[in-house]
Structure formats: structure tokens, C-alpha cells
Amino acid sequence: MIQISRRNILLGSAAAGTGLALSACTSNDPAGTAQVKTDTSGNANAAAGQQVVIGFSAPAADHGWIAAITNNAKAQAKQYADVELRTVEAGTDAAAQRAALATLIAQKPTVIVMLPHDGKELNATGLEAMRAGIPVVNLDRAFPSAAAYRLQIKGDNYGMGLAAGKYIGDQLKAKGVSNPIIGEIPGIDSLELTQERTAGFNAALAVYGFKVANRRPAEFTADSGQAAATALLQALPKMDALWNHDDDQGIGVLAAIKQANRGEFFMVGGAGSKAAIDGITKDDTVLKATVTYSPSMASSAISLARLIGQGKGLSDLVELQVPKEITLASETITKDNASKYAPLGF
Amino acid sequence: MIAETALPEVNKSHRYDDGVLRNLGLVGVLVLLVIIGIVTRPELYSDPTWVKNNILTILQQASAIGVVTVGMTFVIIGGGIDLSVGAIIALAGVWATTLATQSYGAAGMIFTALVVGIAVGLVNGVLIAYGKLVPFIATLAMLVSARGLAAQISGKQTQVSANSTINGIASTKLLGIPLLIWILAVVVAAGWVLLNRTTFGRRTVAVGGNPEAARLAGINVKRHTLLLYVLSGLCCGIAAIMLTSQATSAQAAMANLYELDAIAAAIIGGTLLSGGRGTIVGALFGVLVFSTITNLFAINNLATEVQNMVKGGIIVAAVLLQQFRYRSLTNLLRRRNDPDKPSEHPSR
């Protein structure tokens, strides 16, 4: 057996440590292409105005969508000479984000944009900021109290389900399938957003008299998507359509479908990732459509926070101020319109 | 190493420990699960092709976690615990897919994953064996930091593997059986031989059972402990390649909660959480039970939260059963072999 001396071990671990440190330098550039509003010709709101300090906090999650949220916010803020973005890390849970936001509130930024870990858990922080005279822009995860925010901008989870269900229903009806077998792979099942997506999906299918035959939740990751899809394919030896809630986990779902040599059905994705839009354009897999839930909402949130800070409204509306609630539409991306949506892929 | 011969001769009953016989309870659970499957979905089970596919699917879904469990079993028998396995898989998978995907090809990716697994295992081992950190704390710290590093390296994005060789591992078959199952079989066989037929295995049992006695018997306990974590890290590296191939991608959140599944499988397979005793075959059965439950729930479209409750129940039942049987077995052997010798684990 090889003799391992104490010195060798120390050297070995030092080398490993150096390797770990080096990796930080050699890592891929996450910035990629952010979704920003650049063409502002003829928009009076784009003209530089009063200086606005925007405080920003989003969870440091390891999901592509959240990463895109932060990237978009930073990129959009850079577009304005009159905006200073002050970001605070949100840590790993609601308590950590509360603490981070408390220090931010103490710095008195003009506006705060936050994507809370959980809207219910951060509601008190929203109230605190509003009471301190700082307007709060809630990004995506609603606060229960209307007093806790100035603007709420979010995606339409129920609408995603509706859009996916409508596309599937229309396609199956066109094909003349009367009693289809439909599969569903949601993300983390305990989240309200997942339940809303599923509710919308079921409501849309009900219009056609269809229902889901089997539903296997994953965890928004590719490996969990692969496992859930493998189980689903085994349970449904024949399938007509499949809705997978999230394009990131969809990478694993598509891998499982390929590994199982299946292709008798079509699939609809969710969120509108770049990989999914590319796949739909190429049309070489079962993925035929995806319904949007775009992280571009972070870019919009920064733009709107700036307007709120400067007391301006949306120029197309009669109202003098930015509205209180904005819910993005969930659009369906197919081969026909994929090129239009490609720039929004994340 | 002088006192090596002074090591107590391993009890002959030890061989009996790692046989299928000892895991009759788990085999029974497996059979029961299959019967429930047949009764609830007879139309699926009446198709022989489907049944064959289903068996392969169950084994395939058990393959990556099975490999991790083999490493975990060694660590637990050696008196430790490795909470960082899921994080090591994520780090190894992400590192292989970000740094090596395009530039170094499949060999580079596999090499990277294995080296990262071994390196992290080495860090765990050094912290625990030489830094005298409690295994729970050291590997908990690694769990957090390795996932953090994985998120940093991957830019928090899912890293898609464009390498057809790596992606092909999951769909390649050898003699009609998926390659992933062969990998699991090789790792399990190697683990069995290592534990039951080598000095390394005997030392693992000794170190976990009573480190002080093992040290007095001439075993380099620190070095051995270190090697156990390296072994666990290596298994994670192998699993990282398997999972990356299955998902054709890697990300920082992958292999979520694998540590708990691996520990649970090892424990219900008859491994003592306090160390000194455990079996590889049992651990494999533990993994298969979980994989079969998932399959059973899927074919019946039952909610996964209920599945988790059932899993919890099975863990408790299996451990209770094993304790009961182990106690009666040791009592029996005690009476037969040496009426004066006290039981090794009187409190259990």
C-alpha cells in the first residue's frame, strides 16, 4: 500500500484548495445575454431625470431563472445614467433576506425592488420599508398586504397553465384525439406557483373534456426532471401530450424521453429558456411549444422603479403614475413565432 | 503495522452477515411492493416487454444513488457520516460540464469528475482525521460550501453537456442491460470484495467498532478514516458522471438530498449508524426498495408526498426489525461460542 505521510496529505489538500480557488477564475461567464430595453428613441421617459437610488434584493438561488432575474436587473440599471443600483445578497432563507433588507432600508434608497424568498414571509419587511417612505416594487412573489408594496409586477402562473392546456387541447382536437392520455411534470409541488400552474392547466383541459392521466413532480432541476420523466414514461406506455412546467428541468425530461426511445407524443415546456426556444425552432424533439414566464420582468421592474422614483407615469396611459399591479401575459412560443421570442430566451 | 496479526480474527458469522439471507426482510418488502404493483396495475404487468423494461428502469434509477450508497456504507461502518455526497456530486458534475465539456472531451470530463470527487473527499478526510472535526460538522460545512462553489462555477445556470459520449452513457446497453446498471454492479461487487475479503474491509469494521482498540491493534486509524472519505468522494465522482449523462446536464442543485437517501438506504440495509457493522448487499437492497416504491407510486399516479411518508415508515420498520434480529443473533452466537464473552453491543 502507498504510504501516505502527513506532509503528503497537507500538500495534497493544499493543491486541492488551490484548485478550488482557481475554479473561480476559470468559471463560465454567467452574464450571457441579458434582456434589456435599449431602443428608447422617442420615449420621453427615457430622458435623464432626477437621480434615483434603487435597492435590489433577490435570492441567490442556483436556478437559471433566478440568475437571469439578477442579471437582467443589473443590466437594465446600467442603461440609465440617472440610476444607481445598490444590491444586497438575500442569503439562503427568508430570515437572511429580512436582515439584508433591514440594512438596505436604513440606507434610505429612493425605491426598493425585491424578489422575496416568500411573499408571505417578507410582507412585514415590505410594510416597514413603505412606512419608512421607501416605495417597494415586489417582483414576482406577491405580498398578502396591499400596504406592503407600491407596485407588484409578476408572471402569470395560472395563465401559464391555461396557455399550456389550451395549446395541448387545440392540438389534440385538431388531430381528432377524443380520449387523450396527458402527462404533467410540475416543479416543486409545495410551492404556490406550482399549484397555480397546475390549476390553470386543469381548467384549460376541462374545456375540452380532457384530464391529466399522471403527474410526477420534479424539483426544477434537470436531474430531478429526468427521474420524474422516466417514472412517468414507465407509468404511461402510450401518451398523447405532456406538459413540463419548467424548461430548465426540461433538459432532463427531454433526455429521459430520448433514453426511453419514445416520441409518440408532443411536449409543451414552461418559462421560455433559450435552449427550449432553439429546440422548438429546430423542431427535432417532441418539444413543440413553451409558455412564457420571462425573467425580463426584472428589467421592467427596474424601469418602473425608476419612474416611480422620479414621479413619472407610463407614457401610453392617461394616468400620471405607474399602476399598482402588473401581471405579465403568458405567451405561447411555437415554431411559427420562435424567432420573435428568441431575444427573450434566458 | 507490526501488530497487524494481533487483530482479532473476524467472527465467522460475519460472512453470514453479508448474504442475501440476512436481508430476507428487505427481499420480502421488495416482493410485497411488486405484488402491490401487479394487483393495482395488472394490465401493465401482463405485458412481458413492459415488465422487463420496468425492472431495468428501476435498476437504472437506483444506479447513481446505489453507487453513492456503497461509499456511504463504508464511511458509516468506519464510524463516520458523509453529509456532503449530494454536494460533491453537484460540484463534480458542474466542474466536468463547465470546464471540460467542449475542450477536453469525454475522457477529460470523466477525469475531472473523479478528481473533484476524490479531492473533496480528501478535504473531508483531512478535516475529520487530522483536524479532529466531528464528521457531521465537517461534511455539513462541505455540503454548504461545495454547493456554493458549484453555483459559482456554473454561474447558477444549468450546464448542458454537448458531449455525445457522456450523454450516450445513459442510453448505451451492454448485453441488453444498460451500462449504468453494469457500473452499479461493478461498484457493488468491488465494494463487497473490499469490505468482506480484504484487510481494508476488516480495518474499516475495526475502526468503526472501537477506534481505540483498532489503534492499539496497530491500525493507522487517522489514515484509514481519511481513505474512507476519499472512497466516498470517488463514488460521488462516479455518480456525478452517471447523473450528468442521464440528465445530459449538471447544475449546482443536482442530486438534492442524496445524502439522506444514501444514509437511509445504508441504515435499512443493516448498517449501524454508530459504526462497526454493515453490509453492502443490504445497502443495495435498501436502494432498490426506495427505487421500487418510486416506481410503484408512479405507475399508480399517487402523490409523492405520500411516497415520502411511506419511505419514512419503511426506514423505521427496517431498523426496528434489524435491531430485533441482530439482538437475537448475537445472543444465539454468544450462547453457542463463548458463554463468558459479553455481547459486542450490549445496549443494542
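User: Where does L133(B) lie relative to the helices of chain B?

Analyst: In this predicted model, L133(B) lies in the loop between helix 6 and helix 7 of chain B, where helices are DSSP runs of H or I with at least four residues, numbered from the N terminus. Local features need pLDDT of at least 70, and side-chain atom pairs count only at pLDDT 80 or more. Residues are numbered from 1 along each chain as its sequence is written.

User: What makes L127(B), L133(B), V134(B), F136(B), I137(B) and L140(B) a nonpolar patch?

Analyst: A patch takes residues with over 30% relative accessible area and no salt bridge, and nonpolar side chains are joined within 5 Å. These six form such a patch on the surface, with about 490 Å² of accessible area together (Shrake-Rupley method, 1.4 Å probe). Helix 7 of chain B gives the largest share, three residues.

User: How do you know that chain B is in contact with chain A?

Analyst: Contact means heavy atoms within 4.5 Å; 55 residues of chain B are in contact with 46 residues of chain A.

User: What is the area that the two chains bury between them?

Analyst: Buried area is the accessible area (1.4 Å probe) that two parts lose on being put together, summed over both. For chain B and chain A this is about 3900 Å², 58% of it on carbon and sulfur atoms. K156(B), R223(B) and N301(B) supply 14% of the area that chain B buries against chain A, more than any other three residues.

User: How many salt bridges are counted between chain B and chain A?

Analyst: The definition requires a side-chain nitrogen of Lys or Arg within 4 Å of a carboxyl oxygen of Asp or Glu; the count between these chains is zero.

Note on methods. Chains lettered and ligands numbered in written order. Heavy atoms only, no water. Patch = residues over 30% accessible without salt bridge, like charges linked within 9 Å, V, L, I, M, F, W, Y side chains within 5 Å. Helix = DSSP H or I, 4+ residues; strand = E, 2+ residues; numbered from the N terminus.
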